[in-house]
Amino acid sequence: MSASPHPHEDLLAHLTRISPLGPREAARVVAEVLAYFSESTEEYVRRRHGELQARGLTNEKIFARLGTELAARRVAAPELSARQLRRIVYG
């Protein structure tokens, strides 16, 4: 019985051609990248807020930075105000 082809077989082949990654490593990298970009806006905001807060940033700086980061994501989220971001984090 043959294994089913990976849904991103062409990308895996490209990565193994242009980098020192083997097929398994390339598949793991692709899976990680896809998981990162499949994160919902709310999940992203909560995760990044926690990371930035742990670095000692204030909410004012965090929410400004999150607004900039969200606009730069591969599939940009809608523009959110500081109040909307605060509601995502704190409910």
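Leucine 85 is in contact with Val45, Phe63, Leu66, Gly67, Leu70 and Leu80, leaving aside neighbours within four places in sequence. The model is predicted. Leucine 85 is found in helix H5, residues 82-90. Its relative accessible area is 1%, so leucine 85 is buried. The C-alpha atoms of leucine 85 and isoleucine 62 are separated by 9.6 Å. These two residues are 23 residues apart along the chain.

Helix H3 covers residues 41-54. The buried residues of H3 are Tyr44, Val45, Arg48, His49 and Leu52. Seen down the helix axis, these buried residues fall within an arc of 125°, so they line one face of H3. They pack against H2, helix H4 (59-72) and H5. Glycine 56 follows H3 and has a positive phi, near 95°.

Histidine 49 belongs to this buried set. Its relative accessibility is 3%, under the 20% limit, and therefore histidine 49 counts as buried. Not counting residues up to four places away in sequence, histidine 49 touches Asn59, Ile62, Phe63, Leu66, Val89 and Tyr90.

The charged residues were examined next. Five salt bridges were counted. Glutamate 51 takes part in a salt bridge with arginine 47, at 2.9 Å from N to O. The two lie four residues apart in H3, about one turn of the helix. Both are partly exposed, glutamate 51 at 30% relative accessibility and arginine 47 at 29%. Glutamate 51 also forms a salt bridge with arginine 48, where the closest N and O atoms are 2.7 Å apart. Here the separation is three residues in H3, again about one helical turn. An α-helix has 3.6 residues a turn, so residues three or four places apart point the same way.

Arginine 48 is buried, with a relative accessible area of 9%. Its side chain meets that of glutamate 69 in a salt bridge of 2.7 Å, N to O. Arginine 48 lies in H3 and glutamate 69 in H4, so the pair ties together parts that are 21 residues apart in sequence. Glutamate 69 counts as buried at 18% relative accessibility. Salt bridges that share partners join Glu39, Arg47, Arg48, Glu51, Arg65 and Glu69 into one network.

A nonpolar patch lies on the surface. Val29, Val33, Tyr36 and Phe37 form this patch, with about 330 Å² of accessible area together. Valine 33 is found in helix H2, residues 23-37. At 40% relative accessibility, valine 33 counts as partly exposed.

Notes: Residues numbered from 1 in each chain as written. Predicted model: local features only at pLDDT ≥ 70, side-chain atom pairs only at ≥ 80, totals over all residues. Heavy atoms only, no water. Buried < 20%, exposed > 50% of the residue type's maximum accessible area, 1.4 Å probe, protein only. Contact = heavy atoms within 4.5 Å. Patch = residues over 30% accessible without salt bridge, like charges linked within 9 Å, V, L, I, M, F, W, Y side chains within 5 Å. Areas by Shrake-Rupley, 256 points an atom, 1.4 Å probe, with all protein chains shown as cover. Salt bridge = Lys/Arg side-chain N within 4 Å of Asp/Glu carboxyl O. Arc of directions from axis to C-beta.
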